[in-house]
Amino acid sequence: MGMSLNKFANLAEIDPAIQCRIENMKQGIKINILENISRAFGMTPAEFLEEFEGENDE
């Protein structure tokens, strides 16, 4: 999306430290965080996960 971690965390209403740990696979993702992140991308959690799975299948 071309924005900093802090800016995206603010948009998604999550703590930047949590986002960083999730990105670095040091923490699992809770459903409420998934909902916030997917909403920041303009998607439902299902749409977000479907796109994420599609990228990882390549």
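Let me start with a term: a polar contact here is a pair of N or O atoms within 3.5 Å, where within protein one must be able to donate a hydrogen and the other to accept it, and residues adjacent in sequence count only if both atoms are side-chain atoms. Helices are DSSP runs of H or I with at least four residues, strands are runs of E with at least two, and both are numbered from the N terminus.

Okay, housekeeping. This is a predicted model, so local features need pLDDT of at least 70 and side-chain atom pairs count only at pLDDT 80 or more, while totals for chains, interfaces and linings use all residues. Residues are numbered from 1 along each chain as its sequence is written, and side-chain values use heavy atoms, with hydrogens and water left out.

So, the overall picture. We have four helices and zero strands, and from the N terminus the order is simply α-α-α-α. The radius of gyration, taken over C-alpha atoms, is 11 Å, which agrees with the value near 10 Å that a compact globule of 58 residues would have; that rule is 2.2 Å times the number of residues to the power 0.38. Along the principal axes, the C-alpha atoms fill a box of roughly 30 × 25 × 25 Å.

How much of the chain is buried? That's 22% of the 58 residues, where buried means under 20% relative accessible area, exposed means over 50%, and partly exposed is in between, with a 1.4 Å probe and protein chains only.

On charges, there are 5 positive and 11 negative ones, and their mean positions lie 13 Å apart. Lys and Arg count as positive and Asp and Glu as negative, with His and the chain ends not counted; each charge is placed at NZ of Lys, CZ of Arg, CG of Asp or CD of Glu.

Now let's walk along the chain. In the loop between α1 (5–12) and α2 sits E13, which is exposed at 60% relative accessible area. E13 isn't a glycine, yet its phi is positive, about 60 degrees. As background, most residues other than glycine have a negative phi.

Then comes α2, residues 16–23, and at its start a side-chain oxygen of D15 reaches to within 2.7 Å of the backbone nitrogen of A17. After α2 we meet M25, in the loop between α2 and α3. M25 is another residue other than glycine with a positive phi, near 55 degrees, and M25 counts as exposed, at 75% relative accessibility.

On to α3. Its buried residues are I33, L34, N36, I37, S38 and A40. What does the N36 side chain pair with? Its partner is the side chain of R39, through a polar contact of 2.9 Å. Leaving out residues up to four places away in sequence, N36 also touches A12, E13 and I14; touching, or contact, means heavy atoms within 4.5 Å.

Last stop: F41, in the loop between α3 and α4 (45–56). Is F41 buried or partly exposed? Partly exposed, with a relative accessible area of 37%. F8 is 33 residues away along the chain, and the C-alpha atoms of F41 and F8 are separated by 9.7 Å. And G42, which follows α3, has a positive phi near 75 degrees.
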